[in-house]
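Biologist: Can you walk me through this one? I'd like to start with a helix.
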Amino acid sequence: MAKAKGSAAIVENAKNFVSGFRTFSTGQKAVVIAVVAALLGGAVLFSQWASKPSYSPLFSNLSGTDASAITDKLSADGVKYQIADGGKSILVPADKVDAERLAMAGAGLPADTGSGYTLLDDSGVTTSEFMQQKKYQIALQSELGTTIESIDGVQKAIVNLAVPQKDVFLDEQKPTTASVLLKLKPGTTLSNDNVTAIVNLVAGGVEGMDPKNVSVVDDQGNTLSSDGTGSSAQNEKTTDYNASASSALQTYLEGIYGQGNVKATVKATLDFDDKTVQSKTYTQPTKIDPLAQTTSTEVYNGNGSGSAAATGVLGPDNIAVPSGTSTAGSGNGGYSKTSGSSNPAIDETNTVVKQAPGKVTKQTVSVVLNAGAKGAAGAADVNQVTQIATQAAGVDATRGDQITVVKTAFDNTASTAAAAELAKAEKADQQAQLISYGKTGALALLVLIMLIVILIAFRRRKVETVDVLDVDPLQLGDITAPADGLKEIAPAVEKPVALEAAPVDPALEAAAARRTEVVELVSRQPEEVAELLRGWLADRRS
């Protein structure tokens with residue numbers, strides 16, 4: 001039988017599906033309907049998800065007036081939008097962000113002129129210097145608050161500046177101070193690094209402000225920082241140092257005496273003062289010629305006649321002291337003097353040492369060994385452990401460091417109970433994971449069974465074909481008999497063909513195809529065919 005093509009094939013397949021579906025049992029029909037409904041629902045959900053646009057921020061940190069105006073403009077333009085951050089941010093489809101920003105700029109939005117440096121636009125020619133300073137201060141406060149609000153976790157920020165009036169008659173002016181009030185988003189906390197960043201941000205935005213003069217407070221009344229560093233920041237750094245040093249020392253000792261047999265603790269005192277030490281040193285280089293050198297020599301020769309020349313040696317005051325001998329009428333005296341000066345080269349060294357905050361000024365080390373442990377920990381010598389821990393922890397006795405090493409039996413009750421609880425929890429997690437795998441496998445098996453049932457159901461109702469050679473000739477007498485006497489033609493049994501059939505004449509093949517169609521029609525609707533043949537015979541007889 002030739003296969004139908006095009007629309008006829010679609011119609012034929014539809015008829016076959018409908019006829020096959022009618023043969024399904026009630027349970028099979030329910031399964032097919034459920035699967036089809038699930039597929040249709042999944043297709044609908046997928047199409048909705050695929051067609052849903054992704055939204056991107058159009059504007060953020062908007063005032064209520066600007067947000068209302070922008071949403072009205074978007075509604076008038078027919079652009080979908082979403083509101084976030086409590087009405088301060090407006091989101092639009094990502095492919096329309098640039099176009100809408102240009103459109104809003106053309107409409108003069110956002111148009112909030114009540115804050116920031118826009119306050120200075122209203123200053124006229126007759127505005128006094130005091131009013132200009134106050135407007136600048138308010139504008140600076142607003143700009144700093146807006147900048148701080150851009151930090152993740154900060155919902156609202158209010159900055160207040162206290163700028164003293166400068167006095168030309170004072171050498172030292174009062175410092176400018178600032179206070180920052182933060183309203184955090186629900187469930188958000190700021191780390192000390194974030195608070196320090198806010199302090200430095202405010203101090204850097206105000207001319208001549210020292211970070212120590214900035215105070216940060218949250219909306220719950222908690223002081224986050226009262227100066228540039230913050231006591232909480234110092235405590236956190238000290239805690240981090242102690243934890244790191246204790247962990248490093250314990251890990252080192254556990255590598256020698258076994259894990260769980262050592263407890264080590266380091267408690268340090270850190271100096272957070274910012275110190276600068278300057279020193280100047282002078283040294284004289286060797287094997288280098290002087291920068292300047294002078295030498296003077298004075299020589300005097302004297303001859304005397306008619307009188308005795310003064311002889312002798314010079315005394316303390318350059319007065320000649322007679323030697324006790326003299327010769328009258330003749331004498332001979334003289335002297336020589338040599339003096340010099342030298343200006344050697346001098347090396348000058350200037351040293352400036354700036355000590356960073358966080359220097360360790362003192363630390364105390366405590367080590368406890370498990371005396372009840374077997375192996376190296378139980379047989380360890382306290383003095384030997386003290387020497388090892390002193391070198392490992394960097395204990396310096398000159399700065400007052402102390403170290404204590406004690407051996408005692410550990411109480412393992414808590415660790416044993418914790419290990420049991422951990423094993424129980426791991427077992428519960430494994431069981432939960434197995435149950436999850438079982439549920440997933442059962443669901444996959446159910447889906448597979450449903451697919452197999454549907455496939456079998458579609459193939460179960462297979463139309464039997466009748467071989468041309470196996471069909472007996474139709475007896476018209478049987479067909480024209482009364483309807484009650486009609487016998488249903490038993491379907492022919494398909495016999496397997498051992499060898500490929502020889503080529504058949506196309507005319508015979510067409511006749512066989514038509515006969516097969518008639519046989520199939522008779523097998524499916526015997527009563528209708530019999531009634532049709534009766535009508536044909538009645539018309540023929542008349």
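Modeller: One term to begin with: the expected span of a helix is 1.5 Å times one less than its number of residues. Keep in mind that this is a predicted model.

Biologist: OK, how far does helix 8 reach from its first C-alpha to its last?
Modeller: Helix 8, residues 382–393, reaches 16 Å, close to the 16 Å expected for its 12 residues.

Biologist: In which sense do strand 6 and strand 7 pair?
Modeller: Strand 6 (residues 214–218) pairs with strand 7 in the antiparallel sense, over 2 bridges. Val217 has Thr223, in strand 7, as its bridge partner.

Biologist: What holds strands together in general?
Modeller: Strands of a sheet pair through backbone hydrogen bonds, either parallel or antiparallel.

Biologist: Now the surface. Which residues make the nonpolar patch of about 510 Å²?
Modeller: The patch is made by Leu445, Leu448, Ile449, Ile452, Val453 and Ile456. Of these, Val453 is found in helix 9, residues 413–460.

Biologist: Why does Val453 count as partly exposed?
Modeller: Because its relative accessibility is 30%, and partly exposed lies between the 20% limit for buried and the 50% limit for exposed.

How values were computed:
Residues numbered from 1 in each chain as written. Predicted model: local features only at pLDDT ≥ 70, side-chain atom pairs only at ≥ 80, totals over all residues. Heavy atoms only, no water. Helix = DSSP H or I, 4+ residues; strand = E, 2+ residues; numbered from the N terminus. Patch = residues over 30% accessible without salt bridge, like charges linked within 9 Å, V, L, I, M, F, W, Y side chains within 5 Å. Areas by Shrake-Rupley, 256 points an atom, 1.4 Å probe, with all protein chains shown as cover. Salt bridge = Lys/Arg side-chain N within 4 Å of Asp/Glu carboxyl O. Buried < 20%, exposed > 50% of the residue type's maximum accessible area, 1.4 Å probe, protein only. Pairing = 2+ DSSP bridges.
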